[in-house]
Amino acid sequence: MPPATLGCRLFADRLKTHRVGCLVLAGTDFPDHVKKQLSSWQMTLQLKISQTEPSTRGLLEYEDDTFGRMHIFVCQWYDAYACKAKKFRYITTPLRTAPSDLVGSRLLHAKMFHLLGTPKEVGMQIPQIIALRRQHGNRSVPFLLWEPFPAACTTTNRQAFLDTCKLVDVFSPNHLELCALFDDAKPEGFSTERLEKYAMQFSAATGLEGKGNVIVRAGEFGSLTVGGSLDKLWLPPFYQDGASEVVDPTGAGNTFLGGFMAGWNLTHDIKESSIYGVVAASFAIEQIGLSKLELDGEYELWNGVQAMDRLTQYKDRISTALAV
């Protein structure tokens, strides 16, 4: 998924960019300029192109004043769902990845995986990934981060989500998806107390012996991280709601998770990793589509900025809060 890949790639040293990987199932109409842009990131790109099916495409409709009401055609992996005055639906039959698509690629042996799916899908994919790795001589267990399939987030599925969470290290719904697992009707207003209560229930069920983490991505309200040795951590977004730099929020949550994974790989610290996620998301929302990569001597500039410089800027801004 390119947004999550972007979040991880932002913090990859140029000499280690191959350690960031992405599997893309593309159709006959996959745009050449997108392929060229992804290839320019110098990462491990597994691009499988169907000879008969079109690429996965969807229609995202913003019904509030995010864009003065407009429609955006996007490549996505979500089923139809609605949240915060926006709706998404497929306009082509989606092409879905499977663990078997990783065979023959170094991606099968990755240290970390970002999964998006229902409890049933994730419950099947994880054992398949581990079995395939062992068949190819790798007995290590990767770090697993699960982003739930939005349409599956219902009260009737809550126990299935809780049961499957024991297989992963991090469970990360957005705030609306988490609430949908507990409330049949959409709650009125934003409540930090409600989200903390729900997140802690899932934290106790995540990972072996409840030692995993839950990250709730809450858009303009920031993010909540709960689990392990961490009681709870609220982080503000890099850009405040209404900031002129915010052009398109689409994909910010996915990019957050890629940044979190990069942070975890570098620090193995849940606070630090969440900060990486916030900063990564800021790059995703500055334009429609993917961020622009340029080289300035030995440095990489994303939208004209070094990602690590923005990380330092954000940490300086919130240093007082982190010290509490």
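Trainee: Which residues does alanine 280 touch, not counting residues up to four places away in sequence?

Mentor: This is a predicted model, and the answer should be read as such. Alanine 280 lies in helix 8, and its relative accessibility of 0% is why it counts as buried. Once residues up to four places away in sequence are set aside, alanine 280 touches Gly7, Leu10, Phe11, Thr255 and Gly259.

Trainee: What distance separates the C-alpha atoms of alanine 280 and arginine 9?

Mentor: Along the chain, alanine 280 and arginine 9 are 271 residues apart. In the model, the separation of their C-alpha atoms is 9.3 Å.

Trainee: At what angle do the axes of helix 7 and helix 8 cross, and is helix 7 oblique or roughly antiparallel to helix 8?

Mentor: The axes of helix 7 (residues 252–267) and helix 8 (residues 270–284) come within 6 Å of each other and cross at roughly 140 degrees. Angles over 145 degrees would count as roughly antiparallel. The angle therefore makes the relation of helix 7 to helix 8 oblique.

Trainee: With which residues is serine 273 in contact, leaving aside its neighbours within four places in sequence?

Mentor: Serine 273 has its place in helix 8. Its relative accessibility is 0%, so serine 273 counts as buried. Its contacts, leaving aside neighbours within four places in sequence, are Gly259, Phe260, Gly263, Trp264 and Thr267.

Trainee: Which strands stand at the edges of the open sheet of six strands?

Mentor: The open sheet has the strand order 7-8-9-10-11-12, with mixed pairing. Two of its strands have a single partner strand each, so one side of each is left without a neighbour in the sheet; these edge strands are strand 7 (112–117) and strand 12.

Trainee: In strand 10, what is the bridge partner of phenylalanine 171?

Mentor: Strand 9 and strand 10 run parallel and are joined by two bridges. In strand 10, the residue bridged to phenylalanine 171 is valine 214.

Trainee: Which strands of the sheet does helix 7 touch?

Mentor: Helix 4 lies across strand 8 and strand 9, running at about 170 degrees to strand 8. Helix 7 also packs on the sheet, and its direction makes about 165 degrees with that of strand 8. The strands touched by helix 7 are strand 7, strand 8, strand 9, strand 10 and strand 11.

Trainee: Which residues of helix 4 are buried?

Mentor: What covers the buried residues of helix 4 (residues 158–165) includes helix 3 (119–135), strand 8 (143–148), strand 9 (170–171) and helix 6 (192–203). The buried residues themselves are Phe161, Leu162, Thr164 and Cys165.

Trainee: Why is strand 11 largely enclosed by the rest of the structure, and which of its residues point the other way from Ser223, Thr225 and Gly227?

Mentor: Five of the five residues of strand 11 (residues 223–227) are buried, so the strand is largely enclosed by the rest of the structure. In a regular strand the side chains alternate between the two faces of the sheet. Ser223, Thr225 and Gly227 point one way, and opposite to them point Leu224 and Val226.

Trainee: In strand 12, which residue stands opposite leucine 224?

Mentor: On one side, strand 11 is joined by five bridges to strand 10 (residues 213–217), the two running antiparallel, with asparagine 213 opposite glycine 227. Strand 11 also pairs with strand 12 (residues 230–235) in the antiparallel sense, over four bridges. In that pairing, leucine 224 stands opposite tryptophan 234.

Trainee: Which residue takes a positive phi in the hairpin of strand 11 and strand 12?

Mentor: The hairpin of strand 10 and strand 11 has five residues between the strands, and there glycine 219 takes a positive phi near 55 degrees. The hairpin of strand 11 and strand 12 has two residues between the strands, and the positive phi, near 60 degrees, belongs to glycine 228.

Trainee: In strand 2, what is the bridge partner of valine 24?

Mentor: Five of the six residues of strand 1 (residues 21–26) are buried, so strand 1 is largely enclosed by the rest of the structure. Six bridges join strand 1 to strand 2 (residues 44–49), and the two run parallel. The partner of valine 24 in strand 2 is leucine 47.

Key: Residues are numbered from 1 along each chain as its sequence is written. This is a predicted model: local features need pLDDT of at least 70, side-chain atom pairs count only at pLDDT 80 or more; totals for chains, interfaces and linings use all residues. Side-chain values use heavy atoms; hydrogens and water are left out. Axes are lines fitted to C-alpha atoms, for helices over the stretch in contact, and angles run from 0 to 180 degrees between N-to-C directions. Angles under 35 degrees count as roughly parallel, over 145 as roughly antiparallel, 65 to 115 as roughly perpendicular and the rest as oblique. Buried means under 20% relative accessible area, exposed over 50%, partly exposed in between (1.4 Å probe, protein chains only). Two strands pair if DSSP finds at least two bridges between them. Contact means heavy atoms within 4.5 Å.
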